Every structure is written in structure tokens, then in C-alpha cells.
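Okay, thanks everyone, let's get going.

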Amino acid sequence: MELRILAVGDVVGLPGLSYLSRHLRSLKQLYKIDFCVVNGENANGVGILPRQADLIFDAGADVITLGNHTFGRREICPYLDDNRYILRPANLAPSLPGHGWGVFETNAGPVAVANLVGRCAMDFTPDNPFRVVDKILKELEGLPVLLDFHAEATSEKLAMAYYLDGKISAQWGTHTHVQTADEQILPNGTGYLTDLGMTGPVRSVIGIRPEQSIANFRGELTSRYAPAPGPCALHGALFTVDMSTGRCTHVERVNVLD
């Protein structure tokens, strides 16, 4: 039996939330999706609030993953403990609220989802994701595993994918908000895409108003970042997994633009 998985890139602000709500269910129907994972760490611009997580679930997500801005809004902390369908990076301090991985039921059988954050060119030092993922996989032996690796560096994402090739079913990257064109199935059967892209404003700098980003790079004083106005897009990827072997059989980029 095959499992068709839709992974959706970082939802940015109210424009991204609104666009996801309008398009995700019809997209799932179009691609006959069995299971959907959405990265929501920028749903509030920086971080995510409980009501925004609820909107993502209402839109059609089965699981929400997060990233380096997990605790950008502390109001999410109790929600992370109470709702096992939202994941924060497993290599953050174990004393922090939330869960880094979980096992979820689908029509094709159970599947595991893990969330990790990278260390290269990031602003903090979580635990080593390569060592943490080893511990996670010991807990998930025999299950198909999907990984959202929220990381800056292409090299770190690729290294992780080759390290896990044949050990997990699929790995996708989030965080950079720019969809890459390197979808592939690695030699031992792991599906891969370096970055899903984002769900949010098209005429923007990774979701925010261009003039704010320009001012920041010019070293000028800027106001709090705000999502850009205008048209939006949804970026992600479809992974098809053979549940009897755990191998990925198909990878396809997904783009929705009005």
C-alpha cells in the first residue's frame, strides 16, 4: 500500500494562513493526499499562537512542525504540551515544552514524523541533530519516518539526507522560504527536497515587505517586520511512500499560485 504525503512550506503571517485555508483541502483532494504536514513556525510572523495552530489544523494539516522560532510567542508553550500533533525541534533542550517526534495513524498504517533544527549559520546552538536523530530512530524501528529538517545551510540538509538515506522514507527542508529544484530519491530509497519554500506573499523578501528587508541590510533602523501585501502562493512537495518497504517511490514539487 502507498502513502501519499503532502509537505507544505513555512506559513508566513495572516496572508499565508488565509491562503492555506483557501487552498489546502482542494489541493489534498487533487493529489489524493493521505497525510499532510505543514510547517507553521512563522504563522505569527515570528512564532505561532495557539489560535493560529488551530487555523492550520482546520485548513487540513494532520501535523504541524516548527523550527528556530518555536518560542517566538510564549503563549504556545502549554499548547505544545497538550497537543501531540504539533512538533517542535527534537534537538532543542528536553526541558522545554513540547514533543520532537510522534507516531500518527493514517489509512495506510502508522507513520512517524520528526522535527529537527540545524546548527550551521543559525543564531543558537541546539543539540547535534545528527546524534539526536540516531536516538529517535531507535525508538521508531520498523516505521516509515518523515523528517522536517529546519535548517539554513544546503550542505547541512544534504549531509543529513545522505546520512539517513535508507533509514527514513523522506526528508524535506524548511526555513529558507525559497523552494529548491532538487527533488530526488536518494540511492537507498529516501525521498528528498532541500527546501519546500513558503506559503505566503509572492512579492516579498521571504514573506516580509521588501523595503523592510532592504533597510535592514543597509544598516538602517527598521520597524517590526510585517508580511508583504499582494498575491500569495503555496509551496510544498508530494512524497509517495511504499508502506511495505518504507521506500519513497515518487517526489514532486507542488506550487499553487492564483
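I'll go through some of the salt bridges and say how exposed their partners are.

One thing to keep in mind: this is a predicted model. So, how many salt bridges does the structure hold? The count comes to five, and I'll talk about some of them.

Let's start with R73 and E75. Their side chains meet in a salt bridge, at 2.7 Å from N to O.

Next up, find E183 and R253. These two form a salt bridge, and their closest N and O atoms are 2.9 Å apart. Now look at where they sit: E183 is in the loop between strand 9 (170-174) and strand 10 (184-185), while R253 belongs to strand 14 (residues 247-257). That's why this pair ties together parts that are 70 residues apart in sequence. As for accessibility, E183 comes out at 27%, so we call E183 partly exposed. R253 has a relative accessible area of 32% and is partly exposed too.

Last pair: E220 and R218. Here the closest N and O atoms of the salt bridge are 2.6 Å apart. What about exposure in this pair? R218 counts as exposed, with 62% relative accessibility. The cut-off for exposed is over 50%, and E220, at 38%, counts as partly exposed.

Technical notes: Residues are numbered from 1 along each chain as its sequence is written. This is a predicted model: local features need pLDDT of at least 70, side-chain atom pairs count only at pLDDT 80 or more; totals for chains, interfaces and linings use all residues. Side-chain values use heavy atoms; hydrogens and water are left out. A salt bridge is a side-chain nitrogen of Lys or Arg within 4 Å of a carboxyl oxygen of Asp or Glu. Helices (H or I, at least four residues) and strands (E, at least two) are DSSP runs, numbered from the N terminus. Buried means under 20% relative accessible area, exposed over 50%, partly exposed in between (1.4 Å probe, protein chains only).
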